Amino acid sequence: MLPVFGHLNPDTDAITSALVYARLLTRQGTEARAYRLGDLNFETPFVLREAGIDAPELLTLLPAGAAVALVDHNESSQSLPNLAELMVTHVVDHHKLGNLSTSQPPYLRFEPVGCTATLLLKLHREANLTVEPLDAKLMLSAILSDTLHFRSPTTTQDDREAVAFLAPIAGVNDVEAYALAMFAAKSDLGDTPAEQLLKMDYKVFPFGEPAQHWGLGVIETTNPAYVFGRQAELLAAMTAAKAQDGLDGVLLSVVDILNETNRMLVPDDAEAAVVRAAFGAQTQDHVADLGSRISRKKQIVPALEKHFAS
Ligand code: MN
Ligand code: MN
């Protein structure tokens, strides 16, 4: 049974693409099973409820040599801690290639599209397989989530076409209303502890040589006022995470989904200097206005990579 999983601190794409790809591999003769590498965010349970499927089981450890299929990530810093000892047989992803290395020739499908699910739909169509309503609902949800319903600069024509194709199969008549319901669920953060809010959509990246390690969090919300109401707690959580995880810097983007803006929390002078150099943005009272740079993948990480390379 081939385990299929997305990245740590899973988002909707990491969970639903694992479910869909496991079902697809199984239909194609490779018995596979979806797992998750962490707790769900607030959006994904809404999606799974809508689709009528349970969350995949938590996976924390696999023995060295075990075969695995990765979706929605390829970097070891975002995967199982012993990824380097595992045998990666499949990767379907839409992120930059990191430090992936394999012992066998793997199946790889990478395209610069807005969502892993867009690639999974292509795999269905290329294999002449019908798309089941459950899979359609999961893929549709992932694309709306990753592209913020086409607001993100990562959105491609392929993502738009995939949503148009999937919506009728999924039984979603009003895509805009469905996307807004997803975003409302995601924004309903309640009294979630600040450490958990920080790590909900959070990835560690190595930058430069010798590598510095930075933790980059994102909170995508329709209610940024709520998040800034908890600014002091979040800044304390960021400082704690930096010390605890031995990081060189931690940044948290607060993305206003509906207005398509990013105001970044900056805990310390060291981070503020990097934010100024990499983005030309000043930090005031621990907040830097990143304007319309709402995509970590396309706008935040590349600018930091460039900064640390120079
Ligand atoms: Mn993801
Ligand atoms: Mn994704």
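**View 1. The largest pocket holds about 580 Å³ of space.** This is a predicted model, where local features need pLDDT of at least 70, side-chain atom pairs count only at pLDDT 80 or more, and totals for chains, interfaces and linings use all residues. Residues are numbered from 1 along each chain as its sequence is written, ligands are numbered from 1 in the order in which they are written, and side-chain values use heavy atoms, with hydrogens and water left out. A pocket here is an open set of points on a 1 Å grid over the protein atoms alone, where a 1.4 Å probe fits and protein lies on both sides within 12 Å along at least five of seven lines. Its volume is the space filled by probe spheres set on the points, which are joined across faces, edges and corners.

**View 2. The pocket lining counts 34 residues.** Lining residues have an atom within 4 Å of a grid point, and His94, His95, Thr154, Ser295 and Lys297 lie nearest the pocket centre. Helix 11 (296-309) gives the largest share, 5 residues. By class there are 9 nonpolar, 12 polar and 13 charged residues (Ala, Val, Leu, Ile, Met, Phe, Trp, Tyr, Cys and Pro are nonpolar; Asp, Glu, Lys and Arg charged; the others, Gly among them, polar).

**View 3. Four residues hold the manganese ion (ligand 2): Asp13, Asp72, His94 and Asp146.** The distances run from 2.1 to 2.2 Å, with donors being N, O and S atoms within 2.8 Å of the metal (3.2 Å for Na, K and Ca); water is not among the atoms, so sites may look incomplete. Aspartate 72 sits in the loop between strand 4 (67-71) and strand 5 (87-93), and aspartate 146 in helix 4 (residues 133-146), so the pair ties together parts 74 residues apart in sequence. Helices (H or I, at least four residues) and strands (E, at least two) are DSSP runs, numbered from the N terminus.

**View 4. Aspartate 72 bridges the two manganese ions, ligand 1 and ligand 2, which lie 3.6 Å apart.** The manganese ion (ligand 1) is coordinated by His7, Asp11 and Asp72 at 2.1 to 2.7 Å. Histidine 7 is buried, at 1% relative accessible area, and aspartate 11 counts as buried too, at 12%.

**View 5. Six strands form an open sheet, with parallel pairing in the order 3-2-1-4-5-6.** Strands pair if DSSP finds at least two bridges between them. Strand 3 (57-58) and strand 6 (107-110) are the edges, each pairing on one side only.

Conventions
Buried < 20%, exposed > 50% of the residue type's maximum accessible area, 1.4 Å probe, protein only.
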